[in-house]
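Please look over the chain shown here and work through some questions about its fold.

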Amino acid sequence: MPDDHIRIHQVETLSDDWFLLKKTTFDYRRRDGSWQRQTRETYDRGNGATILLYNRARRTVLLVRQFRFPTYGNGHDGFLIETAAGLLDRASPEERIKAEVEEETGYRVGEVRKVFEAFMSPGSVTERLYFFVAEYDAASRASEGGGIAEEGEDIEVLELPLERALQMIASGEIADGKTIMLLQYAALHLL
Ligand SMILES: Nc1nc2c(ncn2[C@@H]2O[C@H](COP(=O)(O)OP(=O)(O)O[C@H]3O[C@H](CO)[C@@H](O)[C@H](O)[C@@H]3O)[C@@H](O)[C@H]2O)c(=O)[nH]1
Ligand SMILES: [Mg+2]
C-alpha cells in the first residue's frame, strides 16, 4: 500500500479524560484511485504488554482474575481470567512487563521472551499489544501480588495446569483474547 493513500482533513477531540477519544475526518484513496471522505473515531489508551508465565516441569500456567467493568453487563459477570498485563506508560515493553507481572502476580521473572505483537481491536482502538512468555517456579515468588489497591486493582492469582486452562477456553470460562492467544501459543510451542 503506497504512503500517499491518506490525507487527514480534520481531527476533533471528543473526550480527553482518562484516555483519549478522537474523531478524524480523512480522505482515503481507494484501490481504484478515487478519493473518498471518511470519518473514524479512535480510542487511544497507549500501547500495552502481556505475559504468560509457565512451568515446564509441572505443565502449569499462572493467570490472574480481576473485575473488568467494560465487560460487565455484556453477557459476562465481569470477572475475567487473563494473563498478567499492563499499559506501557512510555516504558519499553520488556521493562514494563517485568514490573507489571510482579505487581499483579508477585512472581519475579528474569528473562522474558517476546513472541508476537498484535492489534487487538483495530477498527477502533489504537493500542498495539506486545506478547511475552517466561518460565516461573515456586522460588520466583517474591510477594503476594494482587495489583495496586489504590488504583482499584484487586487481582487474584491462579495457577492452573495448561490442560485445564485449555478446557476453560472451550467452556467459556476463559474469554479474554490475549489470554486465549498465549495459551494456544503455549500448547503449540511451550508445553
Ligand atoms: N480511574 C480510572 N482508572 C482506570 C480507567 N481505566 C483504567 N483504569 C485503571 O488503570 C489501571 C491500568 O492497569 P494496567 O494493569 O496498567 O492495565 P490493564 O488494564 O491491565 O491493561 C492491560 O490489559 C488490557 C486488556 O487486555 C490491555 O488492553 C492493555 O494493553 C494492557 O495490557 C488499572 O488500575 C485500571 O483500573 C478509568 O477510566 N478511570
Ligand atoms: Mg493489568
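The questions below concern a predicted model.

Q: Which pattern of helices and strands does the chain follow along the sequence?
A: The chain has three helices and 10 strands. Read along the sequence, these elements come in the order β-β-β-β-β-β-β-α-β-β-β-α-α.

Q: What span does helix α1 reach from its first C-alpha to its last?
A: Helix α1 covers residues 93–105, which is 13 residues. At 1.5 Å a residue the expected span is 18 Å. The span in the model is close to that, at 17 Å.

Q: Which strands do the buried residues of α1 pack against?
A: A residue counts as buried if 20 or more other C-beta atoms lie within 10 Å of its own. In α1 the buried residues are Pro93, Arg96, Ile97, Lys98, Glu100, Val101, Glu104 and Thr105. Their packing partners are β4 (48–55), β5 (60–67), β7 (84–87), β9 (128–135) and β10 (156–161).

Q: Which residue just after α1 takes a positive phi?
A: Helix α1 ends at residue 105. Just after α1, a phi of about 85° is found at Gly106.

Q: How far apart are the end C-alpha atoms of residues 44–182?
A: An unreviewed UniProt entry annotates residues 44–182 as "domain: Nudix hydrolase". Over this range the chain is 21% helix and 33% strand. The end C-alpha atoms of the range are separated by 24 Å.

Q: What share of the contacts with a separation of 6 or more joins residues 24 or more positions apart?
A: The C-alpha trace of the chain spans about 60 × 40 × 35 Å along its principal axes, and 21% of the 191 residues are buried. Among contacts with a separation of 6 or more, the share from residues 24 or more positions apart is 59%.

Notes: Residues are numbered from 1 along each chain as its sequence is written. Chains are lettered from A and ligands numbered from 1 in the order in which they are written. This is a predicted model: local features need pLDDT of at least 70, side-chain atom pairs count only at pLDDT 80 or more; totals for chains, interfaces and linings use all residues. Helices (H or I, at least four residues) and strands (E, at least two) are DSSP runs, numbered from the N terminus. The expected span of a helix is 1.5 Å times one less than its number of residues. A residue is buried if 20 or more other C-beta atoms lie within 10 Å of its own, exposed if 12 or fewer, and partly exposed in between; C-beta atoms are placed from the backbone. Two residues are in contact if their C-beta atoms, placed from the backbone, lie within 7 Å. UniProt positions are given in the numbering used here, feature names are shortened, and annotations may be inferred rather than shown by experiment.
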